[in-house]
Amino acid sequence: MEYAFKAASSSSGQTAVSLRGTNSCAFVTQKKVPDRLMDPSSITHIFSITPKIGCLATGMIADCKAQVQRMRFEAADFQFKYGYPIPVHVLAKRIADIAQVNTQSASMRPLATVCILIGVDDEKGPQVFKVDCAGHFLPFFGTASGAKEQEAVNYLEKRVGDMKGYDKDQTVRTAIMCLGSVLGSDF
């Protein structure tokens, strides 16, 4: 598991930040193109799972895409079975359960990804969940993942008291300021 966590946090070299406000949630990340010959529009770590759920995946890009494909399948399967869109907390639990199963068998390896799921639920409002390689998931007011995760978490911890009252604009601005502060650059 240690290898999967290390690959998820350092393989892409990117940092991701996510926040939850009173009526919205947001995540931001850097866009790193690994090769000058690659088309920059083809590189992304932000994915749409459903019209109301977004995912920011850090780690090995092949594992990220496999995880996103599974999330989309689970969301479509839920909609087909029950007739309404999957809530973000249900999807986070389902993906965490699948990730945990990969840790139990020698024939499967854990995916080297950390996924941050955001969505605005009709009943519970805005939600941010972080699902890691081992199948651990929790809801957050603000979280980070990637290369400079600890620095971003320290930045967010200083503002956790105010976060609960943030409107949409303040949520986005704080996420951008956190990423800028951690990376030492202006956006």
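In this model, G59 stands opposite T113 in β5, a position within the pairing of β4 with strand β5 (residues 113–121), which run antiparallel over 7 bridges. The model is predicted, so local features need pLDDT of at least 70 and side-chain atom pairs count only at pLDDT 80 or more, whereas totals for chains, interfaces and linings use all residues. Residues are numbered from 1 along each chain as its sequence is written, and side-chain values use heavy atoms, with hydrogens and water left out. Helices (H or I, at least four residues) and strands (E, at least two) are DSSP runs numbered from the N terminus, and two strands pair if DSSP finds at least two bridges between them.

**The five-stranded sheet**

- An open sheet of 5 strands has the order β3-β4-β5-β6-β7, and its pairing is antiparallel.
- The edges are taken by β3 and β7 (137–139), each with a single partner strand, so one side of each is left without a neighbour in the sheet.
- Neighbouring strands of this sheet are turned against each other by 25 degrees on average, direction ignored; axes are lines fitted to C-alpha atoms, for helices over the stretch in contact, and angles run from 0 to 180 degrees between N-to-C directions.
- Strand β3 (residues 46–50) pairs with strand β4 (residues 53–59) in the antiparallel sense over 4 bridges, and I46 stands opposite L56 in β4.
- The link from β3 to β4 is a hairpin through 2 residues.
- Helix α2 lies across β3, β4 and β5 and runs at about 15 degrees to β3, where contact means heavy atoms within 4.5 Å.

**Helices α2 and α3**

- The axes of α2 and helix α3 (residues 88–101) come within 10 Å and cross at roughly 125 degrees.
- The two helices α2 and α3 are therefore oblique to each other, given that angles under 35 degrees count as roughly parallel, over 145 as roughly antiparallel, 65 to 115 as roughly perpendicular and the rest as oblique.
- The crossing in which α2 passes α3 is right-handed, a term used if the near helix is turned clockwise from the far one by less than a right angle, with anticlockwise giving left-handed.
- On the α2 side the contact involves Q67, R70, M71, E74, A75 and F78, which meet V90, L91, R94, I95 and I98 in α3.
- By class, this contact of α2 with α3 has 7 nonpolar, 1 polar and 3 charged residues; Ala, Val, Leu, Ile, Met, Phe, Trp, Tyr, Cys and Pro count as nonpolar, Asp, Glu, Lys and Arg as charged, and the others, Gly among them, as polar.

**Aromatic pairs**

- The structure holds 3 aromatic pairs, where rings of Phe, Tyr and Trp (its six-membered ring) pair if their centres lie within 6.5 Å, and planes under 30 degrees apart count as stacked, over 60 as edge-to-face and the rest as tilted.
- The rings of F78 and Y82 have centres 4.7 Å apart and planes at 50 degrees, so this pair is tilted.
- F78 and Y82 are 4 residues apart in helix α2 (residues 61–82), and are thus separated by about one helical turn.

- Strand β1 (residues 15–20) is joined to β8 by 5 bridges in an antiparallel run, and V17 stands opposite A144 in β8.
- The contact is made by E151, A152, Y155 and L156 of α4 and by T174, M177, C178, S181 and V182 of α6, which divide into 6 nonpolar, 2 polar and 1 charged.
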